[in-house]
Structure formats: C-alpha cells, structure tokens
Amino acid sequence: MRILLTNDDGIHAEGLASLERIARTLSDDVWVVAPEQDQSGYAHSLSISEPLRLRKIGEKHFAVRGTPTDCVIMGVKKILPAAPDLILSGVNSGANIADDVTYSGTVAGAMEGALLGVRSIALSQAYSYLGEDRVVPYETTEALAPALLKKLVAMLLPDGVLLNVNFPNCLPEEIAGTVVTSQGKLVHSLWVDERRDGRGLPYYWLRFGREPVEGKQGTDLYAMRNRLVSVTPLQLDLTAHEIRDQLTKALA
C-alpha cells in the first residue's frame, strides 16, 4: 500500500513525524509532501497566483511552498511514481471538530485526496496548556491510530467521502472508546484586533472567542469532552438536499 502524508502545520511539525511513525505500521511505502511553512487556517485553498516551489529534504520527503491542497496535488500528480492508495493528513496540533472543519487545512488535505479519488483520512489531536506552553499528547494518537486505521482502510467508502478522526486530550489509557459522530456546532465570536507597528501604522489580527457549548451526544464535541475518539464521515457534496423541493416550489 502506497501512502501519501501531508499536514497544515508544516514539514517540520512534530505531528507529521508522529503520523509517519503511524503510517509505517501500515506500509513501508510512505511518502511525505507537506507545506514548507505553517498553513493552519488556510482551509481548502489553492495557490494559483504564484508558482509552487518544491524542495526535496530527504528520501520520499518533500516540502512545498504552498497549501495542504497544493501538497496533495503535487504529490499525486507530480512527485509519486503512481497514485497513492491512501492519503493521511495530520496529525494536527489541536482538534478539528464542529465549525473548525471548514477552516482546517488538515481536513482540506484529506478533502483534496477525496476529490482525486483516493481514500483520505484526517487525524487531529486535542491539547491543553501548561502555563503558556501547548502540551499535545501525540502519544495518544500514536498508540490508538494504527489499529483504528487498519479497520478504516478495510471498509468501503462511497466516492466523495473522507474521514475526520479526532483524538481527545488525555493519555491513551484514559480513552473511553471510539465512536462514529456527526459534526457539532460551536458558537464563534470573531473580532478584529487592531494594533500599531514601530512606525505607528495599523495592522490587524483576526481573533476567535468561543462561548461555552454543551455538545449534543453523538457529535464530535461530545466525544472530545468525554474522552472518546471521534470518527466523522464528511462528504464533498455540500448540497442541502432537504430544501431542494422547497426551493423548487418557491421558484415555480
């Protein structure tokens, strides 16, 4: 099985090294094509206004000056000798659940893989802070992902479907189980933080705040709060099928 790895945290991210160790429990034919720099929050974006720069950094390891989507396209269309059998994106530093899925470059890497007709899975690890330091228990993903991936790879998936897997912020022995979930809903509060540079000119940061949310049972939010590994099937078809008839009547 040929496996292509990518992420959005960058080619030197600890989570990508963790993902490679996981992938090598499944196959010896593992290729890494990842962004040269952190591309978190770039979602499913393409670099079409500037060239892509490719740098080989080791055997079957390549860095692309571009987005996770660019990396998957370069891997499948240019770098690999033939299309991969599996694309794994991650392991992201932080969960990608609920509305965050729409912003996630990690999920976008798997999304592009699904568009190209390759079985694709995104993996993310929730974390906490110790003082000002982010503490990401990648050992949880590494302990549980190999067995889980073997099950997920063995099953049939419809065209246009990808899997979004999230591991809760706890040690492997504290995991309560694995559940299939739906995408939850967060309450975002987004604002623009204006600051001044050394010359007194303004610049801006987009900042997120979130109101407390009780995730409903069966959602990825609930799973994370209850130390459950969350497996969410996502689809490329964004059509709101349930209102097609209503729209047809309205336009008649």
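The model is predicted. UniProt, in an unreviewed entry, lists residues 3-185 as "domain: Survival protein SurE-like phosphatase/nucleotidase". Over residues 3-185 the chain is 27% helix and 28% strand, with its end C-alpha atoms 32 Å apart.

**Helix 2**
- Helix 2 (residues 68-79) is largely enclosed by the rest of the structure, because nine of its twelve residues are buried.
- The buried residues are Pro68, Thr69, Asp70, Cys71, Val72, Met74, Gly75, Val76 and Ile79.
- Their packing partners are strand 1 (2-6), strand 2 (29-35), strand 3 (54-58), strand 4 (61-64), strand 5 (86-93) and helix 3 (105-115).

**Salt bridges**
- The count comes to eleven salt bridges.
- Aspartate 29 and lysine 60 form one of them, at 3.1 Å from N to O.
- Aspartate 29 lies in strand 2 and lysine 60 in the loop between strand 3 and strand 4, so this pair ties together parts 31 residues apart in sequence.
- Lysine 60 is partly exposed, at 22% relative accessibility.
- Arginine 65 pairs with glutamate 36 in a salt bridge, with the closest N and O atoms 3.0 Å apart.
- Arginine 65 lies in the loop between strand 4 and helix 2, and glutamate 36 in the loop between strand 2 and strand 3, so the pair links parts 29 residues apart in sequence.
- Aspartate 99 and lysine 185 also meet in a salt bridge, at 3.6 Å from N to O.
- Aspartate 99 is buried at 14% relative accessible area, whereas lysine 185 is exposed at 59% relative accessibility.
- Shared partners join the salt bridges of Arg2, Asp29 and Lys60 into one network.

Note on methods: Residues numbered from 1 in each chain as written. Predicted model: local features only at pLDDT ≥ 70, side-chain atom pairs only at ≥ 80, totals over all residues. Heavy atoms only, no water. Buried < 20%, exposed > 50% of the residue type's maximum accessible area, 1.4 Å probe, protein only. Helix = DSSP H or I, 4+ residues; strand = E, 2+ residues; numbered from the N terminus. Contact = heavy atoms within 4.5 Å. UniProt positions renumbered as here; feature names shortened; annotations may be inferred. Salt bridge = Lys/Arg side-chain N within 4 Å of Asp/Glu carboxyl O.
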